[in-house]
Amino acid sequence: MKYLLTIAVLACLSFGVTAQDAELLAPTPPGPFIKFTEKSHDFGDIEQGESVEYTFEFTNTGDAPVVISNVMTTCGCTASSWPREPVLPGVSSKIEVSFNSTGKIGHQNKVITIMSNATNNPEHVKIITNILPKTDS
């Protein structure tokens with residue numbers, strides 16, 4: 001009985017591993033495809049009123065040029081710059097994001113939406129921070 005139970009457990013585990021491997025090895029669909037090096041950045045604790053910046057790097061892993069049409073933020077506190085020219089297959093580029101914490105306090109999770117002609121459109125990245133009250137020096 002223990003033998004059968006052991007085989008059943010191992011069989012279930014192997015199905016889970018196979019499903020995850022298949023997802024990781026899935027081919028990129030035809031057309032442009034944006035692949036970010038990092039999809040989230042945590043600034044940690046910052047002081048209220050501080051401005052911080054981060055650059056999200058991506059590569060076009062598809063087989064056609066990526067054209068980014070818009071980068072939308074969840075509030076006016078984040079601003080971004082992105083490539084206005086097509087990003088050719090195999091080429092990397094950047095999206096720069098800045099965050100001004102003036103008037104904000106506590107945990108912040110800001111999502112940036114990238115609109116493009118990519119097959120994985122829209123794509124999302126996010127910045128996270130915890131804003132501490134300004135200390136008087």
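K94 counts as partly exposed because its relative accessibility is 44%; the partly exposed class lies between buried, under 20% relative accessible area, and exposed, over 50%, as judged with a 1.4 Å probe and protein chains only. The structure is a predicted model, in which local features need pLDDT of at least 70 and side-chain atom pairs count only at pLDDT 80 or more, while totals for chains, interfaces and linings use all residues. Residues are numbered from 1 along each chain as its sequence is written, and side-chain values use heavy atoms, with hydrogens and water left out.

K94 belongs to strand β6, which covers residues 92-100. For S81, the separation from K94 is 13 residues in sequence and 8.4 Å between C-alpha atoms.

A second residue worth a visit is T78, found in strand β5 (residues 78-81). T78 counts as buried because its relative accessibility is 7%. Its side chain makes a polar contact of 3.3 Å with the side chain of T73. A polar contact is a pair of N or O atoms within 3.5 Å; within protein, one atom must be able to donate a hydrogen and the other to accept it, and residues adjacent in sequence count only if both atoms are side-chain atoms. Beyond four places in sequence, T78 is in contact with T73, V97, S98, F99, K110 and I127.

Strands β7 (residues 106-116) and β8 (residues 123-132) pair in the antiparallel sense over nine bridges, where pairing requires at least two DSSP bridges between two strands. Both strands lie in an open sheet of four strands with mixed pairing, ordered β2-β8-β7-β4. At its edges are β2 (40-47) and β4 (68-73), each pairing on one side only.

Of the 137 residues, 29% count as buried. Among contacts with a separation of 6 or more, 66% join residues 24 or more positions apart.

Conventions:
Helices (H or I, at least four residues) and strands (E, at least two) are DSSP runs, numbered from the N terminus. Contact means heavy atoms within 4.5 Å.
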